[in-house]
Amino acid sequence: MLLAGAGVVASTLIKSPSQAAAEASPPARSVLTSPVEHRVLTSSVIVRGQVVAGQSVDVAPQVAGGEDGTAPVVTKLPVKQGDRLKAGQVLLEVSGRPVFALPGRIPVYRDLKPGAVGDDVKQVQEALRGLGHGTGGDATGTFGAGTKAALNAYYAAIGYDPLPAVDDNGVGLKTAESAVTAAQRALEEAKDAEGKGSARAMQYAQADLTAAQADLAAAQAASGPRLPAGEVVFLQGFPARVDAVPGRVGAPVDGTMLTVSGGKLTVQAYLQEYQKGLVRKGQRVQIYSELTGIEARAKVGSLAGSLTAPDSGTGAGGGEGEQSGGEPAATGQSGYLLRVDPDKALDAQLAGQDVRLTIEAARTDGKALVVPITALTAGADGRTTVTVLQPDGKQRRVEVRTGTAGDGFVAVQPVGSARLAKGEQVISGVKKGAAGQ
């Protein structure tokens, strides 16, 4: 028994040289593998963007005050921030007079009166017809009798009387009418007169009547409603949006009372130098709003060819309805300005929001064999390989050509007779904590 016990103890303490060497050597490395996939690989550029409108307008009405010379004040403010606006809607009232929005691209720059001719008249005619007020037989771009009737009808629809084109309380028109009446009577008296000189008297009376009738026609053409520049704001598209309401009822009109925007919603972003070379016009874009969960498809519309400095923003300096031209840019950023055009009109609630843009910079032509970039090995001979770990534990090197890369993966194609199949495991790294790491 003593001899047996001594043998057991000796077997635990005494080791052969080969056993001691085996235990002293590092353990076999533990590798990380990933499966070869067969799928479409997309390379993406992800940036933040801002949803902006094609046009922004600061409404700072320039209207007359009260009849006693008092300063103009806001008497009604029926809209609030975030409201959607429709064509013809009243935005606010200043000293009892309306300020309303009509569709159009030409900024307001003058009062429009009967007899006026121009593209701005054409714009108003189109806006009135769009609201259901026909302009009769007026020539396009000419403020005639039909446009008068349409403008009168529109003002009646919104509950106001239009301002007269001639501010004389109708005295001029009445005077012209009286002159025609007097000339008609003179002609009748000349016709009734007998004797020498009656023919000449009739001739003179007829000439006077013709002149009086011409004056009356001119007075009638000049009379009627006018569209003051201070009562209209032209927006490029509807529905438009109320972006800010700095004014309030009872406040004097001093500067911007409202900021509204219209036109198609687009998205703007800034790319850095390392991103610019990956993005081209026409590439597909996914728009996503984390705030609302809204997603939309779009494409790259344009990309600036040079760096854009930070913009101080757009806005009007004073005139009513003063409009910023072009597209407003995001502020406080610099880089290459990118514009993204949605496939369909964006939800109006996205206006002004910060959104995520995922730009599809590259895509494989159909499905391809895909491996992690970390599985690639570049040899001194310039060849690129991946190492396949076979089920029996053996390793096999496969030379490949690389293609599209994105999101940590790369498309590969075996070179020559080399084989690589979907599902095979390729070595992509070594586990942390393995010997030698």
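Start by selecting Leu338. Not counting residues up to four places away in sequence, Leu338 touches Val267, Gln268, Ala269, Leu271, Val279, Val300, Ser302, Leu303 and Ile359; touching, or contact, means heavy atoms within 4.5 Å. A quick word on what you are looking at: this is a predicted model, where local features need pLDDT of at least 70 and side-chain atom pairs count only at pLDDT 80 or more, while totals for chains, interfaces and linings use all residues. Residues are numbered from 1 along each chain as its sequence is written, and side-chain values use heavy atoms, with hydrogens and water left out.

**The core around Leu338**

Now widen the selection. Leu338 belongs to the largest nonpolar core, which has 24 residues. A nonpolar core is a set of buried Ala, Val, Leu, Ile, Met, Phe, Trp, Tyr and Cys residues joined through side-chain atoms within 4.5 Å. Buried means under 20% relative accessible area, exposed means over 50%, and partly exposed is in between, using a 1.4 Å probe on protein chains only. Which elements give two or more residues to it? They are strands S3 (42-59), S12 (258-271), S13 (284-288), S14 (295-303), S16 (336-342) and S17 (354-363). Helices (H or I, at least four residues) and strands (E, at least two) are DSSP runs, numbered from the N terminus. Apart from this core lies another, of 19 residues, with Val94, Ala101, Val242 and Met257 among them. In soluble globular proteins, nonpolar side chains tend to be buried together.

**Ser261 and its partners**

Stay on strand S12 and click Ser261. Ser261 is buried, with a relative accessible area of 4%. Skipping residues up to four places away in sequence, Ser261 touches Ala53, Gln55, Ser56, Ala240, Arg241 and Asp243. Draw a distance between the side chains of Ser261 and Asp243: there is a polar contact of 2.9 Å.

**Arg241, a buried charge**

Hop over to Arg241, in strand S11 (residues 240-244). Arg241 is buried yet has no salt bridge, a salt bridge being a side-chain nitrogen of Lys or Arg within 4 Å of a carboxyl oxygen of Asp or Glu. How far away is the nearest side chain of opposite charge? That is Asp243, at 5.0 Å; Lys and Arg count as positive and Asp and Glu as negative, with His and the chain ends not counted. The Arg241 side chain does reach the backbone oxygen of Pro239, at 3.5 Å.

You'll find Pro239 in the loop between S10 and S11, and the peptide bond from Phe238 to Pro239 is cis, with omega near 5 degrees.

**Two helices**

Select residues 119-130 for helix H3: its 12 residues reach 16 Å from first C-alpha to last, close to the 16 Å expected at 1.5 Å a residue. The expected span is 1.5 Å times one less than the number of residues. The buried residues of H3 pack against strand S7 (97-103), helix H4 (145-158) and strand S10 (232-235). After H3 comes Gly132, with a positive phi near 95 degrees.

Then select 198-222 for helix H6, where 25 residues reach 36 Å, close to the 36 Å expected. Its buried residues are Ser198, Ala205, Leu209, Ala212, Leu216 and Ala219, and what covers them includes helix H5 (171-192).

**Last stops**

Click Ser95, in the loop between strand S6 (90-94) and S7. Ser95 has a positive phi of about 50 degrees although it is not a glycine. Finish at Thr385 in strand S20 (residues 384-389), where a polar contact of 3.5 Å joins the side chains of Thr385 and Arg397.

Now zoom out: the protein chain has 7 helices and 23 strands, and buried residues make up 38% of its 437 residues.

Terms used
A polar contact is a pair of N or O atoms within 3.5 Å; within protein, one must be able to donate a hydrogen and the other to accept it, and residues adjacent in sequence count only if both atoms are side-chain atoms.
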